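This report describes a structure that is shown below. Please keep the sequence and the coordinates at hand while reading.

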Amino acid sequence: MSATVIRSTRASQATIGIGAALCVVAATLPFWGESSWMREFVEIACYLIFAMMWNLLAGYGGMVSVGQQAFFGLGGYVMLSLGNFLGFNPFLAIPLAALVSALAALPVSRLAFRLQGGYFSIGTWVIAEVFRLSIANVSAVGGGSGTSLTALRGISRATREHTTYWVALGCVVAAIALVYLFLRSKQGLALQAIRDSEVAAESQGVGVARMKLAVYVVAAFGCGMAGALYFVSNLRISPDAAFGMNWTAFAIFIVMIGGIGRIEGPLIGAVVFWALNKFFSDYGTWYQMGLGLLAIAMTLFFREGLGGFLQRRPGFEMLPTRRILKLDVQPATPVPAHTPAAPSQLMPKVSL
Amino acid sequence: MLLRVDNVSKSYGTLKVTRDVSFSVEEGQTLGILGPNGAGKTTLFNLISGDVRVDAGSVTFAGQDVSALRPHQRCRAGIGRSYQVPHPFGNMTVFENLVTAACFGARLSERQAWDTAAEILDKTGLLPHANKPAGSLTLLNRKRLELARALATKPKLLLLDEIAGGLTEHEAAELVAELKRIKAEGTTMIWIEHVVHALMSIADRLLVINFGEKLAEGEPEAVMGNPDVRRVYMGLEA
């Protein structure tokens, strides 16, 4: 029997159309927008990429890391070092910094993967602290007080801001597209299976250990990219800013609000986070406590997040990864097993 | 000989759950495994499928020693299994559950996997549920899914762990009919089951386990007539 499988919904076609149009409009922003808008976008782009990576790790791979700031900070410092010391263009150094973060994830994974569950979480946090303390002892990058990105001096402010914005836009689009295409692929199927049941995935032929390592490395790449991008925009780096725990804390918030283990989760969560941040961040500590309470309320009463709420309505998936089997095909073989026998067959006819 | 289990042992701490068990299964045969609760039947499956490694002894499948292989490697080699407590990929659809198994267990391309999955859904009566999230299925259909997903890995050997447990008489009969068809297609099976008459209707041989040890093995009638088996398993005096 030849199966017909549907892989898009009306909402997804609309999403891709609207998304593409938004990208085009967004790309022209430097010609009509204010520079504060661009700075805001770059910042939220970093949070979004970081949260998408955390969602891959925790939401799909079941690896609840609270130490992804290790790769974020590393990306920032590698970009800065390549720019300041080796004369690389910082924008071109962003992918290289991401690559270095990914490579660093290989030895780190050997250590972290020895731990499970809560121990893994704490372990990744400790590893991030080791990164922070190590960098704080390197005087070439300013030790504990940090240093500035000097490689962008001599470029006019407008050019710098515009380029940073376009690079950020490119990074976001690339990250979304890559995660989307990956989750739709055959490998994405394996990752979703791992999310739902590791034991069953392994027994169905999925190489769980290898897939987890791949996800860990990809997440490190993405976090490194976000870090490099953030500090290209920020121009100043310090160990506390680069390896701060709040990067992961905000990523967890974004993913929880949007829906963990769903591709739309971080996208929706980042928009909510941006809005909350814009209107309430002046309240300082109260704002952060509010975020915490909101996250707790979501995990207690609304586990699927906003993304899950939308997805439960069929056809509303913005970025569907599902495979819907078209059912208009007649069964090739009759299925006698579950059709109850007719009464006449059960009761022998008695002729008098 | 498709599967040979040689002097396999497994302990958790000081508790010996499998002691020096040996048996083998011929190609095309169905072996039924019986034993009281806690006898070590599921552990025996875990040792064959690789979910648990043997402490001593070896598992040979299709002429290859698989004792050191990971579960996914054993699955790809042709050992498919179902779990006593169904482990569906709950957020994925029933169809996707099978596509995953066909892609990774049977190593098919995705397009081939679609066809295989649809075919098996049709055969196992799950086609009407193809696009439902697997987590929303009833117990009977979850058990069907366990079986269907294991079949999608195109196994040479199928390990079924209490697949009729918890089903009504009528549902169990449907399942047995399905298993008979699978058997007729030449698939070798090992079936752990408490529903003895269901097991007897299909098994070529029986193996009885008690306290991790082999108590009896042989033709079903002979095994069920064995005084030790009657005493241990059914609480009957010989």
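## Overall build of chain A

The model is predicted, and the values reported here are computed from it. Chain A contains 16 helices and four strands. Along the principal axes, its C-alpha atoms fill a box of roughly 110 × 50 × 40 Å.

Chain A has 352 residues, of which 42% count as buried. Among the contacts in chain A with a separation of 6 or more, 79% are between residues 24 or more positions apart.

## Helix H7 and its cover

Helix H7 of chain A runs over residues 157-184 and has 28 residues. From its first C-alpha to its last, H7(A) reaches 40 Å, close to the 40 Å expected at 1.5 Å a residue.

Several residues of H7(A) are buried: Thr164(A), Tyr165(A), Val167(A), Ala168(A), Cys171(A), Val172(A), Ala175(A) and Val179(A). An α-helix has 3.6 residues a turn, so residues three or four places apart point the same way. The cover over the buried residues of H7(A) includes helices H2 (29-32), H3 (35-60), H5 (90-112) and H10 of chain A.

## The surroundings of Tyr47

Tyr47(A) belongs to helix H3 of chain A, and H3 is included in the cover of the buried residues of H7(A). Tyr47(A) is itself counted as buried because 22 C-beta neighbours lie inside 10 Å, where the cut-off is 20 or more.

Leaving aside residues up to four places away in sequence, Tyr47(A) touches Phe250(A), Ile254(A), Ala270(A) and Phe273(A).

## Packing of helices H8 and H10

Two packed helices are described by the angle between their axes and the distance between the axes. For H8(A) and helix H10 (residues 208-234) of chain A, the axes come within 11 Å and cross at roughly 105 degrees. Angles of 65 to 115 degrees count as roughly perpendicular, and H8(A) and H10(A) are therefore roughly perpendicular to each other.

On the H8(A) side of this contact stand Ala190(A), Leu191(A) and Ile194(A), which meet Val208(A), Met211(A) and Val215(A) in H10(A). By class, the residues of the contact are six nonpolar, no polar and no charged.

## The interface between chains A and B

How many residues of chain A are in contact with chain B? There are 31, and they meet 37 residues of chain B. Helix H8 (186-196), helix H9 (198-203) and strand E4 (324-325) of chain A are the elements that give two or more residues to the chain A side.

H8(A) provides the largest share of that side, with six residues. The side of chain A that touches chain B divides into 17 nonpolar, nine polar and five charged residues.

## The two domains of chain B

The domain assignment of chain B gives domain 1 (1-78 + 157-238) and domain 2 (89-154). Taken over C-alpha atoms, the centres of these two domains are separated by 24 Å.

Nine residues of domain 1 of chain B are in contact with 11 residues of domain 2 of chain B. On the domain 1 side, the elements that give two or more residues are helix H2 (71-77) and helix H6 (169-184) of chain B. H6(B) gives the largest share, three residues. The domain 1 side comprises five nonpolar, one polar and three charged residues.

Terms used:
Residues are numbered from 1 along each chain as its sequence is written. Chains are lettered from A and ligands numbered from 1 in the order in which they are written. This is a predicted model: local features need pLDDT of at least 70, side-chain atom pairs count only at pLDDT 80 or more; totals for chains, interfaces and linings use all residues. Two residues are in contact if their C-beta atoms, placed from the backbone, lie within 7 Å. Ala, Val, Leu, Ile, Met, Phe, Trp, Tyr, Cys and Pro count as nonpolar, Asp, Glu, Lys and Arg as charged, and the others, Gly among them, as polar. Axes are lines fitted to C-alpha atoms, for helices over the stretch in contact, and angles run from 0 to 180 degrees between N-to-C directions. Angles under 35 degrees count as roughly parallel, over 145 as roughly antiparallel, 65 to 115 as roughly perpendicular and the rest as oblique. Domain bounds come from an automatic or database domain assignment. The expected span of a helix is 1.5 Å times one less than its number of residues. A residue is buried if 20 or more other C-beta atoms lie within 10 Å of its own, exposed if 12 or fewer, and partly exposed in between; C-beta atoms are placed from the backbone.
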